[in-house]
Structure formats: C-alpha cells, structure tokens
Amino acid sequence: MSGLLERRRRQPADPRAARSARSEREAVPVVLTDLYSPLSRKVLVRVIGYGLLALGTILYLGPFLVQIATSFKTDADAVTNPVSLWPSPVSTAAWAVVAGENPAYSIPVFRWLGNSFLVTISVTLGRLIIDSLAGYALARLRFRGRAVVFAGVVAVLAVPGVVLLIPKFLVLNQLGMFDSYAGMILPLFCDAVGILLMKTAFEAVPAELDEAARIDGAGVFRTFWSVILPLVRPALVTVTILSFQGSWNEFTHFLVATSDPDLATMNLGIARLTAGDLQGSQQFPLKLALATLSTIPIAIVYVFFSRYFLRSGNATGLK
Amino acid sequence: MTATVTRDTPAGRTRPVRRRPVSGYRLQERRAGWLFVAPAVIVLVVFLFAPIVMAAWVSLLDWNGQSSPFSGEAEFVGLSNYQSLLADAGLLRGDFMLSVRNTLYYVLFNVTGVVVLSFVLALAVNSYVLRGRSFFRTVFYFPAITSSVAISVLFLFLFQGSGVVNVVLSWVGIDGPTWFTDPRGVLHIVLGWAGVDAAPGALADTTVGGLSLWNWLSGPSVAMCALIALTIWASSGTFMLFFLVGLQDIPVELEEAAAIDGASAWQRFRHLTLLLMRRSIVLVITLALISSWQVFDQVFILSQGAPAKTTLTPAYISYVRSFGDGQFGVGAAVAFVLFAIIIVLTLVQRWVGRERRA
C-alpha cells in the first residue's frame with residue numbers, strides 16, 4: 001500500500017498512471033487530494049490535512065491525558081492547575097482510596113468492579129448463544145412464522161432505549177426481579193443488532209455446506225454447531241466485543257433495575273458518587289481515577305480489537 | 001435456561017425416514033427453527049414488548065409504584081396524565097415545555113455540529129495523501145467506545161468555572177463562563193450585546209404551551225452548550241464511520257471523469273461527493289436526531305436539569321417524576337410522548353429517503 005502511495009507521489013501529473021494505481025480501489029480520496037492539480041496546491045492540501053488531524057488528535061485524546069494526569073494530582077493542584085499534564089506534587093492519594101488503602105475513606109470499588117465483570121460476562125455469553133441460534137434460524141431454517149419473528153427483531157431496532165426506562169422497571173418489579181442479578185442481566189439479552197449481525201454472517205456461508213452436512217447425516221443442531229458456527233467466527237468476535245462494550249458501559253438499565261448499593265456496577269457507583277455534586281470542585285482526582293479505572297478494560301479491548309470496532313458500524317445492517 | 005433449549009434439539013432429533021429424507025429433515029428443521037429462535041423471542045417479548053404494553057397501561061393510572069399496577073389499587077385516570085403534560089396549565093406542563101425547548105435547541109446544535117464535524121473527520125481519514133489514516137480513525141473513534149458516565153465525569157472537570165476549557169479560552173483572551181451554573185440562553189446573550197436586554201412586549205405576552213415566545217427563543221443555555229459539546233465530541237467518531245462507509249462506496253470512475261472534464265476539487269466536492277453522500281447524510285442526521293431526543297445519562301450526572309431547568313430533558317423528567325416523586329403514571333406518559341416524537345422523526349426520515357431514491 002505504501003508502495004502505491006510512492007508511485008502516486010512520483011508521477012502526479014500522469015493521469016494514466018494514476019488511473020491504473022487507483023483502479024486497485026481501496027480508500028477513495030475525495031476532497032483533500034487532487035491528482036490533477038499543481039504540486040504546490042497538493043503540498044498545501046497536505047499541510048492543511050495534517051494540521052486538521054493534529055488538532056483533532058489533541059481534541060480527542062487530550063481530555064483523556066488530562067484525566068489520567070489529574071488522577072495523580074492533589075485536590076488543590078487539580079483545582080489550581082487543571083491543564084497541566086505534570087502533577088506537582090505527584091500524589092497517589094486518589095488511587096490509594098480506589099485501592100482501598102485509605103482507612104478513612106472507603107469506596108466499594110472492588111464490589112463495583114466485580115459486579116461489572118459478572119454482569120458483562122454473563123450478558124456477553126448469553127447474547128452469543130441467543131444471537132447465534134436466532135441468527136442461524138432466521139438465515140437458514142425454514143419454519144412457519146419466520147417472517148414474523150424477523151419483522152419483530154427489526155421492529156426492536158426502532159424502539160428508542162430511553163423510552164424503556166420506566167417500562168423495564170415495571171416489568172422487573174412485577175416479576176419480582178427488581179434488585180437482583182437476574183434483573184440486571186436478563187433484560188440485556190435483548191440484542192436485535194447482534195441477531196441481525198449473526199443472520200448476515202450465516203447468510204454469507206454457502207448453503208451447500210448445510211446440505212453436505214445433512215447428507216452426511218448430521219441433524220440441524222449438529223450442522224449448526226460443528227459445521228456452520230466455526231465459519232462465522234469473525235461475527236462471533238464482533239458480537240462478543242459489542243456486548244462487552246455495551247454492557248460494561250450500560251448505565252440507565254442498572255439505574256432503574258437496582259437500588260441496593262451492593263449491586264452497583266462501576267458506572268452506577270461513579271454516577272451516584274458524582275451526581276448532585278454540582279459545585280464539583282471536590283475530589284476530582286478521585287473521581288477521575290475511578291473514571292480512568294472504568295475505562296481501562298474497554299481501552300484494552302479496543303487496542304487489541306479496534307478493527308472489529310471500526311467495522312461494526314457497517315455490519316449492523318443499519319445502513 | 002438457554003443451554004437446555006439448545007441441547008433439546010439433538011435429543012429430539014427425528015431420524016430421517018430413508019425413503020423421504022427431505023421431508024423428514026424439513027420437519028426437524030421446522031421444530032428446530034422455533035427452538036432456535038425461542039430464547040430470543042422470549043427475551044424480546046418479556047423484556048421489550050411486554051414492558052411497552054405495561055407502560056401504556058400505567059400511563060393511564062395514578063400509580064405510585066408500590067403495589068401491583070394490575071391489582072386495582074391504583075386509580076384509573078384515563079388520559080389525564082397526558083392532559084396535565086400537554087394541555088393543563090401547571091408545573092408539569094411548564095416543566096415539559098421547558099424540556100421540549102431545551103431539547104429542540106440541543107438537537108439543533110448537536111445534530112448540526114456532529115454532522116459537520118464527523119463529515120470533516122471522515123474526509124480527513126479517507127484522504128490518501130495523508131499517512132497514518134488508520135491511526136487517526138482509531139483515535140477519533142476512541143471517545144465513542146468509552147462510557148457516557150466516565151465521559152460525563154471528565155467533562156464536569158473540564159468545564160468547571162476555573163477548569164481546563166476556561167483556562168484554554170483565557171489564553172486567547174476570552175473570559176469563559178461558569179458553564180454548569182450559567183442558565184442564560186445563548187440567543188438572549190447575543191441579543192443583550194445588541195442592546196435587547198428585556199423581552200419586547202409582543203414576545204413576552206404571547207405564550208405557546210404556557211411558555212412565552214421570549215423564553216422559547218432563548219437558545220440553549222450556557223450549561224446546555226457544555227452538554228452539546230460533550231455529545232458532539234463523544235458521538236462524532238461513530239458518525240465518522242458511517243460517512244467513511246459512504247465515501248468508500250463512491251465509484252472512482254465518476255470522480256475521475258469529473259476531474260478529466262476539468263472540475264476543480266471544490267466543484268467535485270460540491271456537485272459530486274455531497275450529491276452521492278446524500279443518503280449517508282440523511283442517515284446520520286436521522287440517527288443523531290433520534291439519539292439527541294433521548295439524552296439522559298449526561299443530564300443525570302452533570303446537571304440534573306439545573307441551572308434554572310435549562311438542561312431539563314423529557315427523558316430526565318420521565319425518570320425524576322417516576323423514581324423521585326413516585327408518579328409512575330406521569331413518567332410513563334412522558335415516555336410515550338417521547339416515543340411518539342421519535343417515531344414521527346423516523347417516519348419523516350423514511351419519507352425523505354424515499355424522495356431521494358425516486
């Protein structure tokens with residue numbers, strides 16, 4: 001790819017060379033590039049482009065750097081030098097509270113973390129099973145009512161999440177699941193996007209494979225489990241990552257599904273600690289240390305699987 | 001639960017009859033089909049469709065959340081929850097109208113900002129004269145994957161009175177406001193610069209929904225601007241990806257043809273890229289609109305509707321009325337009005353989309 005770029009750069013004035021290079025078709029340039037304009041203009045375009053990208057990087061990563069730096073500041077330093085990325089003095093007081101090392105001030109961070117991991121892992125496993133089964137049935141199995149089920153799943157996409165805030169509480173209350181792990185986990189199994197994603201992935205597998213398995217005497221479940229499922233591993237990874245991210249970041253559902261502080265997740269704990277503190281000058285290092293801690297698992301997953309994240313935008317079938 | 005359902009399938013497998021293997025398999029397929037979708041259907045019915053139906057019922061009750069809403073203890077009040085929300089003069093309608101005003105400005109500024117910003121980002125990371133495009137994509141998308149709670153806490157710090165944003169503004173000589181405690185409407189501030197400090201008679205006297213026109217025309221409050229900045233920052237990465245997909249779908253040949261015909265870069269952008277990106281733009285506008293109407297997390301953490309109710313949103317009213325005041329009927333009614341607004345927006349998008357395709 002970089003070779004391609006070199007070629008373009010060396011022969012900017014020759015449209016035919018450019019055409020053969022561009023017929024390779026990857027990212028299509030539209031605005032910031034112009035193969036047909038004079039060299040000086042291209043340099044200008046490039047300078048503006050990099051300027052924009054650098055500014056963007058400061059705007060998009062800067063706040064996170066400030067967040068990390070502030071978590072190592074003293075409360076006074078955080079208020080007087082908010083922009084500085086170098087804490088002076090370096091203070092681990094906030095992180096000591098987070099780690100439970102400060103006997104005077106205890107926050108049940110490990111409880112929150114434990115709840116977050118428990119819920120996230122359960123939801124992810126549940127969604128993997130539910131989504132792949134339903135996706136396979138909708139993509140491959142012929143049964144009466146399939147069209148209705150499919151229409152129902154698509155309809156779910158149109159239901160705005162925040163509208164369900166009160167309704168979900170009503171049902172959990174009615175079922176006696178308020179303030180329970182079941183009430184936190186089961187409603188998050190609803191995952192229309194994941195079902196559609198799996199359906200799309202199964203449809204891309206040649207139907208001949210199902211037939212071959214069937215002729216060899218495999219039943220429906222055997223065909224699904226041993227033959228087809230291993231072929232859609234990328235989609236399974238995408239569902240895993242989306243579920244992990246979605247349920248780790250979930251907030252409103254836990255807010256209405258629980259009131260017991262022992263059931264608080266990371267997000268809920270932080271939100272309750274912060275909400276109502278409007279003047280908000282107190283304990284920013286602590287709050288930002290908590291926010292950093294809650295971001296770390298997602299950041300790790302993102303660094304290793306960013307291509308799955310970046311692809312998920314168009315895999316959901318929303319387009 | 002789900003595990004047993006899946007295990008049932010091989011156990012219940014009917015051996016295909018030798019002579020008619022197809023129809024035997026068909027039968028098995030039919031049963032398996034329902035078994036496979038059963039977990040998903042159960043979860044969706046119990047935790048999605050049933051709640052909606054139940055909330056529709058509760059919105060017709062005067063229910064405090066204590067007993068079962070089906071026990072008959074809660075009084076059936078018909079449409080009076082909706083009436084006090086939309087028609088009867090009172091605190092509730094006043095709050096609701098304020099929340100609608102706030103959200104309209106939030107939507108207007110947020111959608112405009114996020115569409116422009118994410119389009120520019122998409123163009124930048126799509127341009128092949130620039131190296132490190134995938135790195136920048138990863139950077140710009142990062143805020144979109146972090147939790148709204150963590151980001152809200154961070155913005156609470158950034159937008160303090162003497163916080164990072166105001167310090168940066170002071171470098172260029174701007175004296176920043178005390179963001180989250182400043183209820184002044186931006187349009188009112190601008191009008192104040194022009195010497196219009198109080199409401200002109202006509203605007204103060206005419207009321208729509210119990211709110212004077214002067215109040216409707218306040219613009220977003222300074223506090224709301226901080227919320228808007230947060231949302232634009234956090235969601236632009238997602239929409240950048242949508243635009244990126246659209247940009248990569250544009251045929252190279254078209255662009256080349258235009259270039260050979262002598263169209264300048266700007267002309268190609270104006271008449272080709274924007275034209276071909278229309279569907280992506282409509283899609284992003286719709287998604288941004290729909291999500292803007294639902295803003296809740298940030299309000300809960302950053303402002304709780306304050307200052308002077310200028311960051312109150314319908315979703316937040318729905319939550320506070322229900323869990324704070326025990327008026328679940330009212331809370332459910334607000335949720336349904338919000339639902340209706342969003343459905344209408346979706347239908348409008350469908351309609352616009354059809355126009356474009358024809």
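Predicted model: local features only at pLDDT ≥ 70, side-chain atom pairs only at ≥ 80, totals over all residues.
Let's start with one stretch of chain A. Residues 288-310 are 100% helix and 0% strand.

Take residues 181-202 of chain A. That span is 73% helix and 0% strand. Its end C-alpha atoms are 32 Å apart.

How many helices and strands does chain A have? The count is 16 helices and zero strands. Chain A has 319 residues, and 41% of them are buried. Next, take the contacts in chain A with a separation of 6 or more. Of these, 69% join residues 24 or more positions apart.

Chain A is assigned two domains. Domain 1 runs over 2-98, and domain 2 over 109-315. The two domains touch: 12 residues of domain 1 of chain A are in contact with 12 residues of domain 2 of chain A. Which elements supply the domain 1 side? Those giving two or more residues are α3 (39-71), α4 (75-80) and α5 (93-98) of chain A. By class, that side has seven nonpolar, three polar and two charged residues.

Between α4 and α5 of chain A there is a loop, and P89(A) is in that loop. The peptide bond joining S88(A) and P89(A) is cis, with omega about 0°. Most peptide bonds are trans, and most residues other than glycine have a negative phi.

D179(A) is not a glycine, yet its phi is positive, near 60°. Where is D179(A)? In the loop between α8 (165-174) and α9 (181-185) of chain A. D179(A) has 15 other C-beta atoms within 10 Å, so it counts as partly exposed.

A308(B), not a glycine, has a positive phi of about 50°. A308(B) lies in the loop between α15 (297-303) and α16 (314-324) of chain B. A308(B) is partly exposed, because it has 15 C-beta neighbours inside 10 Å.

First, V153(A). V153(A) is in helix α7 (residues 146-157) of chain A. Is V153(A) buried or exposed? It counts as buried, because 24 C-beta neighbours lie inside 10 Å. Leaving out residues up to four places away in sequence, V153(A) touches A192(A), I195(A) and L196(A). L141(A) is 12 residues from V153(A) in sequence, and their C-alpha atoms are 16 Å apart.

Second, S226(A). S226(A) belongs to helix α12 of chain A. With 11 C-beta neighbours inside 10 Å, S226(A) counts as exposed. S226(A) and A213(A) are 13 residues apart along the chain, with 9.4 Å between their C-alpha atoms.

Stay on α12 of chain A, residues 220-228. Its buried residues are V220(A), F221(A), T223(A) and F224(A). They cover an arc of only 165° around the axis, so they sit on the same side of α12(A).

Now chain B as a whole. Chain B has 17 helices and four strands. Is chain B a compact globule or more spread out? Its radius of gyration is 26 Å. For 358 residues, the globule rule gives 21 Å. The value for chain B is well over that, so chain B is more spread out than a compact globule. Along its principal axes, the C-alpha trace of chain B spans about 90 × 75 × 40 Å. Of its 358 residues, 46% count as buried. Among contacts in chain B with a separation of 6 or more, 68% are between residues 24 or more positions apart.

Last topic: the two chains together.

Definitions and conventions. Residues numbered from 1 in each chain as written. Chains lettered and ligands numbered in written order. Domains from an automatic or database assignment. Contact = placed C-beta atoms within 7 Å. Nonpolar A, V, L, I, M, F, W, Y, C, P; charged D, E, K, R; others polar. Buried ≥ 20, exposed ≤ 12 C-beta atoms within 10 Å, placed from the backbone. Arc of directions from axis to C-beta. Rg over C-alpha atoms; globule rule 2.2 N^0.38 Å.
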